[in-house]
Amino acid sequence: MATNHVFFEPPKSLLSILEEDKDLSVPALTKLGCTLGPQSRTVEVLEDLLRAGMTVARFDFSWGSMEYHQETLDNLRIAMRNTKRLCCTMLDTMGPEIIVLNRPEAPISLTAGQTLTLTCNKSVAASETVLPISYPSLAGTGLAPGSQVFVGQYLFTGSETSSVYLTVQEVKGDEAVCTCNNTCILEGLALTVHIAHMRNEAPILADSDMSAIRQWGAANKIDYVCLSFTRNAADIGVVRAVLDSCGLEQTRVMAKIENLEGLVHAGDIVEAADSVLLSRGNLGICLDAEKMFLAQKKLLRACNLAGKPVMVTRVVDTMTDAPRPTRAEATDVANLVLDGADGILLGSETFRGKYAVSTVKTVCAICKQAELCFDNQSYYRSLMEYFGCYTLHPNLGKREALASSAVRAAAKINAALIIVFTVTGQTARLVAKYKPACPILTVVCPDIKSDGLKWTLLGEVQARQCMLYRGVLPIMADPDFSLPGGAILDYAIAYAKQVGMVRSGDKVVVSQCPRTGYSDVMEEAGVVKLITVDDHVIPGSAMTFNHPLFVIGSMETLNKQND
């Protein structure tokens, strides 16, 4: 089956493009991640980013100390409470990334045509003539005369003024003599080195990554680990074992595909990972420019078919230093939405960019416009055709059949909202897989477990993880199981009305468990029903927040947990 779909439904007329949007309050369905750094770590800026549309916060351990990232995360938590907006947290590993060592305080100036030597000798000081790198040995890397090497600052934009493209002339042991192809000034918090077509044999988790996960990640119950330079499914197994060993069994793994080896094993990686990040910056160095679009489309399609959320990087590099994106960048963002991307991950734009908040607003606005033109029904049909039929199929499990039925019903009745009840978040992921035109209000039903000494409330992590799914807005039901039958649904509808997601008379599709109580088994057996929103107001249905998850129902049990 062809993999280069563009699910685009053009507007009725070109003049309609000039019409003013009727409802600007509805957020974009596409998720927006931000790399937090020097320009995006104060409480005030984080509040603005959350209001602008940030749903995922990336803490990149390629640089900075655990203390630095902890302060940023603490500020984010304050910002979430102040804005009453939820945000997923992601620890991005350094992995086998190669960096320049022993840098001087002053920038390094390079001139086109000059000779520059890369060396594995870690005692050498970096200068205009030699750059020591963190890789142990060049032997077996495949580096040879004619090989292309890129050196740029952390979260590089590819600008020729701050990055250098090198061509290898000679390899002598652990040294590579190169020619600079352009003039530039190397500067920034860190300088990274990317060798095209290189097989990197370093461990998938650096020693610093192990410490970061076991200390910082475990202490903060991080939602996702983003695995840099994922090469195969075995790499994902390595990080899962580390997560399990330090009590992070609920943390999910996002595989970052950014080299040729990862691209070759993309099928296995997509199957093994919980989600995928297409890192176009690094991958674009390894691929010929004219082939990048094909890799992107095939990878997005593979993730869509598997129901794994996929995010994409490097979209509006220009906004690192400018208040507006280029026309090509704006079109690129829209095409990513039309090609099935679940989210956009910003890097330098929010990390060191001068217009971090404006960038988030701009990208979200572009995503929203693209969603209005996304042909949801054609997309749905393409998935059904892939599975072979529109009825229950061996490749379509009961839970997924229920999810696809909910989306199909929503399209037929032009529903304003889909309400999903879930424990693990998997049902919400499957509904999001079919990319309905309406939002998905996901009610996470917590599970309370006891080891005999204390009670543990499970559900907050699952709710935050749902922030990665396109169109999903997670809220938490109160874990007090004594609520009368049907009350949770009433509260959910009341909340949806309160925030403007639905109005009286709107149609709503509900994917609901048929019995009381919450368990993974309940998610396997459910029903889809259609309801109409009426003017009924539930007495005492005031909506409250808890760290800062939306909570519907009584707060009594949660208050006991916090005590």
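Student: Why does the largest cavity lie between domain 1 (27–96 + 203–372) and domain 2 (114–195)?

Tutor: Both domains give residues to its lining, so the largest cavity lies between them. The domain bounds come from an automatic or database domain assignment. This is a predicted model: local features need pLDDT of at least 70, side-chain atom pairs count only at pLDDT 80 or more, and totals for chains, interfaces and linings use all residues. Residues are numbered from 1 along each chain as its sequence is written, and side-chain values use heavy atoms, without hydrogens and water.

Student: What makes a space a cavity?

Tutor: On a 1 Å grid over the protein atoms alone, a cavity is a set of points where a 1.4 Å probe fits but cannot get out; lining residues have an atom within 4 Å of a point. The structure holds 4 cavities of 30 Å³ or more. The largest has about 300 Å³ of space, where volume is the space filled by probe spheres set on the points, joined across faces, edges and corners.

Student: Which residues lie nearest the centre of the largest cavity?

Tutor: Arg 58, Leu 155, Lys 256, Ser 279 and Asn 282, out of 23 lining residues.

Student: What is the make-up of that lining by class?

Tutor: The largest cavity has 6 nonpolar, 10 polar and 7 charged lining residues. Ala, Val, Leu, Ile, Met, Phe, Trp, Tyr, Cys and Pro count as nonpolar, Asp, Glu, Lys and Arg as charged, and the others, Gly among them, as polar.

Student: Which domains line the second largest cavity?

Tutor: Domain 1 (27–96 + 203–372) and domain 3 (377–552) each give at least three residues. About 70 Å³ of space lies in this second cavity.

Notes. 1 Å grid on protein atoms, 1.4 Å probe; cavity = no way out; pocket = protein on both sides within 12 Å on 5 of 7 lines; lining within 4 Å.
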